[in-house]
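Hi everyone, thanks for making time for this. Let's bring the model up on the screen and walk through it together.

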Amino acid sequence: MIKKNKYKFLNSKLTSAISISLVLFLLGCILIVGYVSRELTGSLLENVTLTIYLDNKANQTDIEELTYYLSNQKYAKKRQYISKEQAIQDLCAEIGEDPEEFKNDNPLPNTFVINMEAVYANNDSLTMIVKNLEKFDFIKRTEYPKTMVHTIVRNINRFALMLSVAMIVMLIISYGLIHNTIQLLVRADRFIIHTMKLVGATGGFIQKPYLLQGLLIAIIAFIFATLYFIIIGYFFKDDRLFQVLGLDNLGNYVMLLGSLLICSILITTTASFFAVNKYLRQDSNELYYI
């Protein structure tokens, strides 16, 4: 009889842990979507370029001065200087002309091409950057794709809003599912809780074992959720898309699993606290109601 009760006890805890682990797995998938979208957004914005065209009067000293200035700017992720000679060679290679024909009459200017850091790839920041570049009188003009930047940033903000809403909804659903699972476990002990209350046990004393139980279930659920991600990672580790998105990076998994562990512990212990507190406040007659 004792073994049978013990088996039922362990079985109920294991079933609860597996149920919670599935919730954590879904939450982890949402976090992965958020991570991937952030990486793709960063890569997309870092392809935004600011092109600086120099005046023909710019000499080598001017070019070195601007090079030094740009090397100390946080917004410049990558910079490339293209001389007018290199520019005409590249152009002639594209159109199939002989660059020697333009040796004495080169219409192309010396240019700098700046790949922006993602955080600066927006029209407000780029406008300020262009304004600061106006102090160099040998800069003829600057160009960047204003319409494209506006469209990209607008769409990214919309997607970020939708993802944030999805995250909040998923957290609420996760808490609801985990709370109901924990409450079913605690409900089985509602008469024991009431008896302990009658003999003078304090609320904190009664809650302690259930909070520890919730913590144990959270850790077991986290271990199961970790196994799910390890299995998926093992089967897709050689997939090209998996590698491009950075999902084969161990550091990313450490951050993901760390977030899941914190969520698991917080949600489960909080649910345990409120579930026990519910029966602590109930009258003895209410314990018989389902």
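A word on conventions before the details. This is a predicted model, so local features need pLDDT of at least 70 and side-chain atom pairs count only at pLDDT 80 or more, while totals for chains, interfaces and linings use all residues. Residues are numbered from 1 along each chain as its sequence is written, and side-chain values use heavy atoms, with hydrogens and water left out.

Now some totals. The chain has 290 residues, and 36% of them are buried; buried means under 20% relative accessible area, exposed over 50%, and partly exposed in between, with a 1.4 Å probe and protein chains only. The accessible surface is about 18100 Å², with 62% of that belonging to carbon and sulfur atoms. Areas come from the Shrake-Rupley method with a 1.4 Å probe, and for residues only the protein chains shown count as cover. Among contacts (heavy atoms within 4.5 Å), those between residues 24 or more positions apart make up 84% of the ones with a separation of 6 or more.

On to the aromatics. Rings of Phe, Tyr and Trp (its six-membered ring) pair if their centres lie within 6.5 Å; planes under 30 degrees apart are stacked, over 60 edge-to-face, and the rest tilted. How many aromatic pairs does this rule give? The count is seven. One of them is Phe25 with Tyr228, edge-to-face, at 5.8 Å centre to centre and 90° between the planes. Phe25 lies in helix H1 (residues 2-45) and Tyr228 in helix H7, so this pair ties together parts 203 residues apart in sequence. Phe25 also pairs with Phe229, this time tilted, at 5.0 Å and 45°. Here too the pair links distant parts of the chain, with Phe25 in helix H1 and Phe229 in helix H7, 204 residues apart. Phe25 and Phe229 are both buried, whereas Tyr228 is partly exposed at 22% relative accessible area.

Last stop: the charged end of Arg141 sits over the ring of Tyr53, 4.0 Å from its centre. The rule there is CZ of Arg or NZ of Lys within 6 Å of the ring centre and within 35 degrees of the ring normal.

Methods:
Helices (H or I, at least four residues) and strands (E, at least two) are DSSP runs, numbered from the N terminus.
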